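Q: I have a model open and would like to learn how to read its side-chain features. Could we go through them one at a time?

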Amino acid sequence: MKYQLFTAIAISAMALISCSKDTDTLGSSLTNSSDQIQASTMTYSAYSRSVLVDSVYARNYDTYFGRVKDPETGAYVKTEFMVQFNIQEGIILPTVDEIKNEEGEIVADSCEIWLAFDKENCYGDTLSSLKMNVLELNKPMSEKVVYYSNYDPRKEGYIREDGMKKSILFSQNNLTYSDSIRNLTDYFDYVRISFSDEYTDKNGVKYDNYGTYILRNYYAHPEYFKNSYAFTNNICPGFFFELADGLGLMAKFYLLEMRVFYHYQKNSTKYNSYIAFSSTQEVLQTTQVTNDKKTLAQLAADQSCTYLKAPAGIFTEVTLPVDEITQSHAADSLLSVSMTFQRQNSGVKAKYLMDAPSSILMLPTDSLETFFRNDKTYDYKSAFAATLSTTNTYTFSNIGNLVTLLSDNKKKGQASDSDWMSKHPNWNKVLLIPISMTAVSANSTSATYDIENEMGLVSTKLEGGPNTPIEVKVIYGRFKNQ
């Protein structure tokens, strides 16, 4: 009966221990004298190093575009993106007779793509200019392809060489509008790209603009507009947003929308309207990242600390003392394993400094490839999340389940394969990874439902390195009469 109750008692013990350093009377506060628990604490050392990241899984919903130089490290980073546009299922437009003009033709007034800035999460000089090329895709992105941040759309044949190409020069603050317009309550800064020039489709058919191409196909082939899959595979595969020139701004967009403007006449009344196609989670979007690999390699070689840099820059790898933790107290139960990673201030003063990651993920090194690809989340068994505290630390309050999992993996592996250790050199290693988390709130509660690699600009140094151990605090428990 004692052992059946131990798990519940251990949970209570962890809660009490976290509030007090005095463990002498812990057992008497939980059970009667015949079932008292004795707790003990130990401290071990873990060691860390910086790990260069060639690329990360890049299907994501945060859209960044631009090129900047990190003033702390001197590293350049450029981001571009590919997107598809979603269509609202069951969309209904005016009848063909209502939308035809006086010549009996279906013609759109114009077509535009709108990119709205998420101003609070843009980085750099709001007046820095960037030149963007918008390139029509030759084929849609596929659910069957795993896209990483070093994916090259040109090399992989995604760009339609004879397709539509538009170039635009923009900055975050659009000074072409007067202050009176910019001060309106409903005003927002955005990039507006016109697709209103003559367009030729893959079959050589010419249209006066891209919107006309979409409208005429809607009436000729309604089956192509029944859902997003049909739309992207038959009408609009998507676009690649390429950085042609510019430095000093990393823009984040919260809205990507293609609008087709048209007018129609009903009961002798003329109406103006438009169709909106948005980039949403139902369709594919990927980010391409180009990093300054030479500078990143120099940072990773620094043994006085470790780095966390995103997007797709540097992770921190930690070797956990799994054997020491599990074997030195083999007869005891593992109640708690905690670690704290302290940030180091760079001391650099600059107008634009990159923020430290607000959230980081700890997971086994060998599970990196599958974690994001399979849309997993932290489960407090093999993956744990920590947020940046007001004391500039990231604390993982209890990774005991992870230590147990790694130890069990080793035991099972060696039992079936005497050469298991040499085949799994990372068995006791974990990675710290900058992440972005999307949460939904309801009834005053918040639940995380999506974790992605951080594609925004974040950078920090952590205390550690091969010569600076990191404390691993462990609490064990056993019944006193054992």
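Q: How far can I trust the coordinates, and what is the average pLDDT of the chain?
A: Where pLDDT is low, the predicted coordinates should not be read in detail. Here the chain averages a pLDDT of 88, and 88% of the residues score at least 70. Residues 1-31 have a pLDDT below 50; this stretch makes 40 contacts in the model beyond near neighbours in sequence.

Q: How many helices and strands does the chain have?
A: There are 10 helices and 24 strands. The chain has 482 residues, of which 49% count as buried. Among contacts in the chain with a separation of 6 or more, 77% are between residues 24 or more positions apart.

Q: How is an aromatic pair read, and how many are found in the whole structure?
A: Two numbers describe a pair of aromatic rings: the distance of the centres and the angle of the planes. A search of the whole structure gives 31 aromatic pairs. Take Tyr151 and Tyr158: their ring centres are 5.8 Å apart and their planes meet at 75°, so this pair is edge-to-face. The cut-off needed for that step is an angle over 60 degrees.

Q: Are Tyr151 and Tyr158 buried or exposed?
A: Tyr151 has 16% relative accessibility and therefore counts as buried. Tyr158 is buried too, because its relative accessible area is 4%. The cut-off for both is under 20%.

Q: Which parts of the chain does the pair of Phe195 and Tyr210 tie together?
A: First the geometry: Phe195 and Tyr210 are edge-to-face, with 5.8 Å from centre to centre and 80° between the planes. Phe195 lies in the loop between β8 (190-194) and β9 (199-200), while Tyr210 lies in helix α4 (residues 210-220), so the pair joins parts 15 residues apart in sequence. Phe195 and Tyr210 are both buried. They also belong to a cluster linked by ring pairs, together with Phe85, Tyr199, Tyr207, Tyr213 and Phe239.

Q: What is the idea behind a nonpolar core, and how many residues does the largest one have?
A: In soluble globular proteins, nonpolar side chains tend to be buried together. In this model the largest nonpolar core has 47 residues, and those with the most contacts inside it are Tyr210, Phe239, Phe241, Phe253 and Met258. Elements giving two or more residues to this core include β3 (76-83), β4 (110-117), α4 and β11 (239-246). The largest share, eight residues, comes from β12.

Q: Which residues is Phe241 in contact with, leaving aside its neighbours within four places in sequence?
A: Among them are Phe65, Phe81, Val83, Ile113, Leu115, Met132, Val134 and Ile193. The list also includes Glu80 and Asn133.

Q: How are salt bridges read, and how many does the structure hold?
A: Side chains of opposite charge can pair when their charged atoms come close. This structure holds 17 salt bridges. In one of them, Lys293 pairs with Asp54, and the closest N and O atoms are 3.5 Å apart. Lys293 is in helix α6 (residues 293-300) and Asp54 in the loop between β1 (37-52) and β2 (63-69), so the pair ties together parts 239 residues apart in sequence. Both Lys293 and Asp54 are exposed.

Q: Where do Asp62 and Lys252 lie?
A: Asp62 and Lys252 form a salt bridge whose closest N and O atoms are 3.8 Å apart. Asp62 lies in the loop between β1 and β2, and Lys252 in strand β12, so this bridge ties together parts 190 residues apart in sequence. Asp62 is buried, with a relative accessible area of 19%, and Lys252 counts as buried at 12%.

Q: How far apart are the closest N and O atoms of Lys423 and Asp417?
A: In that salt bridge they are 2.9 Å apart. Lys423 counts as exposed at 52% relative accessibility, whereas Asp417 is partly exposed at 22%. Salt bridges can also share partners: Asp62, Asp118 and Lys252 are joined in this way into one network.

Key: Residues numbered from 1 in each chain as written. Heavy atoms only, no water. Phe/Tyr/Trp six-rings, centres within 6.5 Å; stacked < 30°, edge-to-face > 60°. Buried < 20%, exposed > 50% of the residue type's maximum accessible area, 1.4 Å probe, protein only. Helix = DSSP H or I, 4+ residues; strand = E, 2+ residues; numbered from the N terminus. Core = buried A, V, L, I, M, F, W, Y, C linked by side-chain atoms within 4.5 Å. Contact = heavy atoms within 4.5 Å. Salt bridge = Lys/Arg side-chain N within 4 Å of Asp/Glu carboxyl O. pLDDT = per-residue confidence, 0-100.
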